[in-house]
Amino acid sequence: MTQITAARDGTVTPEMKIVAEKEGRPVEEIRAGVAAGRIAIPANVNHHALSPEGVGAGLRTKVNVNLGISGDLHNEEEEFAKVAVALELGAEGIMDLSNHGKTREFRTRLIGMSSAMVGTVPMYDAIGYLEKALVDITVDDFLEVVRVHAQDGVDFATIHAGMNRRVIDSFKETGRLTNIVSRGGSLIFAWMEATGNENPFFEYYDEVLAICREYDVTISLGDAMRPGCTYDATDAAQIAELIEIGKLTERAWNAGVQVMVEGPGHMALDEIAANMKLEKRLCHDAPFYVLGPLVCDIAPGYDHITAAIGGAVAASAGADFLCYVTPAEHLRLPDVADVREGLVATKIAAHAADIAKGIPGARDIDNRMSDARRRIDWEEMFDCAIDPVRAREYFESAPPSTEGTCTMCGKMCAMRTVNTIMDGLTIDLDAK
Ligand code: SF4
């Protein structure tokens with residue numbers, strides 16, 4: 001039984017109860033959301049360290065961190081230092097994008113210790129795991145990689161099943177400035193062009209679903225045609241793929257498999273809200289998981305900011321899950337500091353969106369922070385901060401000469417002045 005089949009039967013699972021408690025929502029609301037597909041609870045039956053999270057309508061916006069061993073930089077311990085940062089800062093998802101070396105060893109170690117849900121892109125792993133040239137990989141090989149990831153306890157797997165021949169025809173007819181920028185999408189495209197075959201994940205989708213159902217892997221329908229620049233956003237290829245993904249969403253639900261849909265990419269600010277509505281419409285309100293969107297193309301080194309701007313707009317317009325982007329995007333594999341920077345930026349976007357969406361209780365921590373600011377209670381301010389370490393470092397790096405203030409305004413501290421007056425006392429701006 002998967003979360004969605006249980007929900008449809010009227011069964012409340014332990015995972016639904018945990019999600020309801022975390023979200024402060026009635027468990028029946030969670031069960032109904034899972035039954036309808038509006039909420040996914042990615043929870044592989046073999047992921048025993050998991051603290052389940054719900055992704056979808058009416059819930060807090062969740063945040064994902066990408067990491068994993070790459071061919072050029074394969075320092076396993078550094079990747080686990082990134083895992084530690086992700087868990088410390090409360091990322092709800094960790095995607096293992098390893099594509100080199102002992103990927104299975106890394107993946108099983110991660111799943112064994114991660115309370116966050118774990119996602120993978122089996123296509124990335126196919127070449128390394130099978131030790132074959134891309135064109136020699138068979139359909140059975142692809143399915144075998146998906147099965148191994150499912151057995152290992154992966155909670156959600158990105159499957160680029162939507163990029164079928166119809167979508168590729170559309171892409172070739174209309175052309176693009178940056179072609180296909182999805183790594184998994186580009187590999188499948190290369191395989192399809194070399195073999196002349198249909199996308200194996202589309203053609204053998206029922207087989208993929210059977211594997212996902214067995215282990216309750218949530219299928220994350222990858223957007224191979226996500227725009228890689230603002231010029232390509234909302235074009236024929238992107239929308240053609242989204243239409244296919246909408247049909248695949250219903251097929252997954254009918255097979256008892258939970259679904260998330262992946263989205264752009266790069267996109268101008270004014271197109272984001274409409275794209276969120278389009279996804280919800282075409283994909284029947286399935287949870288939407290977006291990378292960015294990055295709202296301009298010219299900020300390498302700062303793309304955690306371009307993505308956070310787009311992520312805040314996307315989530316406030318209906319996106320449910322934000323994949324982080326780090327300052328290293330487009331430039332190199334992120335290091336641990338980049339992971340912290342990117343994760344915090346994405347968490348800010350998610351939280352800003354939750355306030356705008358009116359998620360119950362979302363503002364409580366902001367009100368607590370504001371109250372602490374008025375009272376100039378530094379310890380409580382650090383406790384409320386999204387990144388308490390950074391906040392404390394800044395404050396302690398420049399001790400104020402006037403007690404109970406900071407070096408921004410010193411003795412002219414507005415909080416101190418008004419608090420003193422409100423307490424019926426006289427303010428002495430000459431006092432030390
Ligand atoms: S000194 Fe200025 S910035 Fe610092 S706590 Fe007071 S009002 Fe805020």
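Which helix or strand gives the largest share of the lining of the largest pocket? The answer is H15, with nine residues. This is a predicted model, in which local features need pLDDT of at least 70, side-chain atom pairs count only at pLDDT 80 or more, and totals for chains, interfaces and linings use all residues. Residues are numbered from 1 along each chain as its sequence is written, and side-chain values use heavy atoms, with hydrogens and water left out.

**Terms**

- Rolling a probe the size of a water molecule over the atoms shows where empty space is left.
- On a 1 Å grid over the protein atoms alone, a cavity is a set of points where a 1.4 Å probe fits but cannot get out, while a pocket is an open set with protein on both sides within 12 Å along at least five of seven lines.
- Lining residues have an atom within 4 Å of a point.
- Grid points are joined across faces, edges and corners, and a volume is the space filled by probe spheres set on the points.
- Helices (H or I, at least four residues) and strands (E, at least two) are DSSP runs numbered from the N terminus.

- The largest pocket holds about 1,300 Å³ of space.
- Its lining has 47 residues, and Met 369, Cys 384, Ala 385, Ile 386 and Asp 387 lie nearest the centre.
- Helices that each supply at least two lining residues include H2 (14-23), H14 (303-316), H15 (336-357) and H19 (414-422).
- The lining divides into 28 nonpolar, seven polar and 12 charged residues (Ala, Val, Leu, Ile, Met, Phe, Trp, Tyr, Cys and Pro count as nonpolar, Asp, Glu, Lys and Arg as charged, and the others, Gly among them, as polar).
- The ligand takes the space of the largest pocket, meaning that more than half of its atoms lie within 2 Å of the pocket's grid points.
- Around the ligand are Trp 378, Cys 406, Met 408, Cys 409, Gly 410, Cys 413 and Ala 414, where a residue is near if one of its heavy atoms lies within 4 Å.
- This shell has six nonpolar, one polar and no charged residues.
- An unreviewed UniProt entry lists Cys 406, Cys 409 and Cys 413 under "binding site"; such annotations may be inferred rather than shown by experiment.
- The lining of the largest pocket takes in Cys 406, Cys 409 and Cys 413 from this set.
- Cys 406 lies in the loop between H18 and H19.
- With a relative accessible area of 27%, Cys 406 is partly exposed (buried is under 20%, exposed over 50%, partly exposed in between, with a 1.4 Å probe and protein chains only).

**Second largest pocket**

- About 950 Å³ of space lies in the second largest pocket.
- Of its 41 lining residues, Asn 66, Leu 97, Arg 183, Arg 226 and Glu 329 lie nearest the centre.
- S9 supplies the largest share of this lining, three residues.
- His 266 and His 330 carry the annotation "binding site" in the unreviewed UniProt entry.
- His 266 is in the loop between S8 and H13 and counts as buried at 9% relative accessibility.

**Cavities**

- The whole structure has three cavities of 30 Å³ or more.
- The largest cavity has a volume of about 90 Å³, and H12 gives the most to its lining, with four residues.
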